[in-house]
Every structure is written in structure tokens, then in C-alpha cells.
Amino acid sequence: MPDSDDTLTYARHLQLDRLLSCQERQSEKHGRPAHDEMLFIIVHQVYELWFKEVLFDLARVQEIFSGSEVDDASLGQAVHLLGRIVEIQKLLIQQFDVLETMTPLDFLDFRDLLFPASGFQSLQFRLLETRLGLEREQRLAFDERPFDARLSAEDRKALKAAEAEPSLTALVEAWLQRTPFVSVAGYDFREVYRQAVSDMLESEAEVVRRNPSLGEAEIRAELESLKAARARFDSIFDEDEHRQLRESGVWHLSWQALQAALFINLYRDEPALQLPFRLLSALMDIDSNMTSWRYRHALMVQRMIGRKVGTGGSSGPEYLRRTAERHRVFADLFALSTFFIPRSRLPQLPEEIRQAMGYRYRGGGL
Ligand code: HEM
């Protein structure tokens, strides 16, 4: 076929002329070419490309959850796309291995030319955090300025627009709140399960009290921690307690959403709950991978710059490590595991509900 100007080719489709001509080394511009700056640029660009794909998939997932009802096919698609995000995240974590073939001395060949640029200014990373559900108030500040002060005015505007939209957390929370089966005529999951967990915590306390290898202080500490677990557990079922703990930042999800998430986890073997369960698992995988990425990045930064301050002005590895602990989005789903009981102690669902759930799950009622 003749290669006329509008014939699609591999290079045209991928716009390789543009893609491959945007790797400009600062070190070359300054007349002291540093070999590894090419790797540094390409690795960052590849990250940004993957961020783009993740944001693209996330947009579709958000769209699916923004309706008043999520049908099974759409829920399946959402779970599938979240699974893709999880796989991409694994690559993102692995990529640091490639960047680490640049040694700290190689990095020093051009690091001084990068000030004040920093990954801290990655708009796509901030969009990702925000659209997943990380809130402004939750963010760790490393100076007096708001976290987005280092972004350009245009990027700040884009971020504000994302903040104004419901995040994935907010959308999933609304969907969870519509979960049927949690409380229907003649069956109240709350009451039944509350009793089962209460019995379990009591028997755990008994095991602690009777443990001959524990000293008095250890027993007291263990019992205190069981008491705290019970208070947190009560808050899942007691609306007032939940409100207080939510205000103090212990829980992020609403009272009804937590109950629904608990219900889905416990009864996930019921056919209608399998997809919702996979959805919750994917959200936890995403949170877990974001956290691993943050730790991995912090470790790499420590290897590269030791205790120097970052080019963006933070305390470097220390700041990054603390964000890994604090910037969690779906931590509530992890915390719920405290209140799981063994299958053998799990109250049976009434037959009528099992029958109804055998067919399908529809956010919006039986
Ligand atoms: C030699 C390699 C790297 C070093 C030394 C480094 C260093 C740092 C430092 C010190 C910070 C804290 C902000 C500051 O003070 O600048 C930071 C933040 C950040 N970096 Fe890197 N980084 C490197 C590679 C990367 C790569 C490959 C990415 C991928 C996109 C990246 C993305 C980010 C992001 C998103 C933040 C903001 C994190 C947050 O605030 O939670 N960095 N980096």
C-alpha cells in the first residue's frame, strides 16, 4: 500500500515523533551531559503515562458508581478495571528497581540542576490521590503552605475541580449504603452479629485472663486492647458512638456503609455477594499498593539522597515515610477485619434472604 500522508502507521498512531522527542536533559543544556539523566527522565515519563491510564480507568469506574443503581454487568466491569489498576500499580512499584540502577553519585551529576522541581508537583499523582478519596484535611503538611501551593495555577484549578467531584470513596460509600439485605423485615444483621461478636470478644478476654504465661501488666494491656476493640465494634452498630469516632478520624466511612461492608465480607460466599466482595478486595489492593509505592519510593529516596532535603523542600525520606502511614484511603476496610469471627461462629442467614440473594444483588433494594 502506498504510504500517503494520511495512511495510519505504527509511528503515526503512537505519535512517536512527539513522544520520542521530549527527553531533554538539563545536564546537556548546561554543557555537562550526565548519562543517567536520560534514565531519570524516561522513568518519570513512563510513570506519568501509567498514571494517565490509571486515571482513565478510574474515571470509568467513577462513572459506573455515579448512577443511582449499579447493575451486575457494570459492577463486573468496575471490578475488572480496578483489577487492571492493581496490576499497573505492581509495575509502578517494580519500576523503582530500574531507576535504582542509577547510583547516588550518578544522580549527583545533575541533581543540582533540578531545583525546585520535584515529583511533589505531579498533578496526575495528586489527581489520583484525590479521586480515590484522600482528603485535603487528611494530608500531612511539611510547611505552612497548602500542599498544592507548589503546583501551577492551572494545575491547582484542575485539582480543585477534582476535589469538587465525588471521589471513588464517596461513590462506593453511597453504593454500600444502598446495600439490601442488611436489615429487612424480620432480620436485623446488626442485632444478630453484634451478639456473635460480643460472645467472641468475651471468650478472647477469658483466654487472656487464663493465660499462665502472661504477667499482670500484660493481661491488663491485652484486656484494655480488647476493650478498645469492643468500643470500636460497638461504634459500627451505635450511631452516636460512630459519629464521635468518625469526627475524631477513627472511621471515615458512614455508619451504614461500614455495616454493609462488614456484611459483604462475612457472607461473601453467597453468590450475590461475590462481586461486591471482589470490589472491596480490589479497593484494599489499591490502597495496599499505593502504600507500598510510597514506602518503596521513600526507601529509594533515602538511598539516593540520604538525609538531604528534597528538591521540593520537604524533609525527604522522613516526610515520605510518614505519608505512607497517613495517606490511606480505604483503611476502614482493613480495620473491619478486627471484627470478623470464624465461619463456625457466623450466624446463619435466614433462608428467605439466602434465596433472594441467590439470584442477584442490586444496590437499591430487594
Ligand atoms: C532519584 C529519584 C527520586 C528522588 C531522589 C525523589 C525524591 C523525592 C522527594 C525528596 C520527595 C518529597 C518532596 C520534595 O521535597 O521534593 C518526592 C516526592 C514525590 N516524588 Fe519523588 N523522587 C524520585 C523519583 C520519583 C519518581 C520516579 C516518581 C514517579 C512519578 C516520583 C514521584 C514523586 C511524587 C508523586 C512525590 C509526592 C509524594 C507525596 O507528597 O506524597 N519520584 N520525591
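A polar side-chain atom of Ser314 lies 2.7 Å from an oxygen atom of the ligand. This distance, like the other values below, comes from a predicted model. Ser314 is also one of the closest of the 27 residues that surround the ligand.

**Ligand surroundings**

- Besides Ser314, the closest residues to the ligand are Ser118, His297, Gly312 and Tyr319.
- The side chain of Ser118 places an N or O atom 2.7 Å from an oxygen atom of the ligand.
- Arg294 has a polar side-chain atom at 3.3 Å from an oxygen atom of the ligand.

**Fold and dimensions**

- The protein chain contains 17 helices and two strands.
- Taken along the principal axes, a box of roughly 75 × 65 × 35 Å holds the C-alpha atoms of the protein chain.
- When contacts in the protein chain between residues at least 6 apart in sequence are considered, 74% of them join residues at least 24 apart.

**Burial and surface**

- The protein chain comprises 366 residues, of which 44% count as buried.

**Charge**

- The protein chain carries 46 positive and 57 negative side chains.
- The centres of the positive and negative sets lie 2 Å apart.

Key. Residues are numbered from 1 along each chain as its sequence is written. This is a predicted model: local features need pLDDT of at least 70, side-chain atom pairs count only at pLDDT 80 or more; totals for chains, interfaces and linings use all residues. Side-chain values use heavy atoms; hydrogens and water are left out. Helices (H or I, at least four residues) and strands (E, at least two) are DSSP runs, numbered from the N terminus. Buried means under 20% relative accessible area, exposed over 50%, partly exposed in between (1.4 Å probe, protein chains only). Contact means heavy atoms within 4.5 Å. Lys and Arg count as positive and Asp and Glu as negative; His and the chain ends are not counted. The place of a charge is taken as NZ of Lys, CZ of Arg, CG of Asp or CD of Glu. A residue is near a molecule or strand if one of its heavy atoms lies within 4 Å of it. A polar contact is a pair of N or O atoms within 3.5 Å; within protein, one must be able to donate a hydrogen and the other to accept it, and residues adjacent in sequence count only if both atoms are side-chain atoms.
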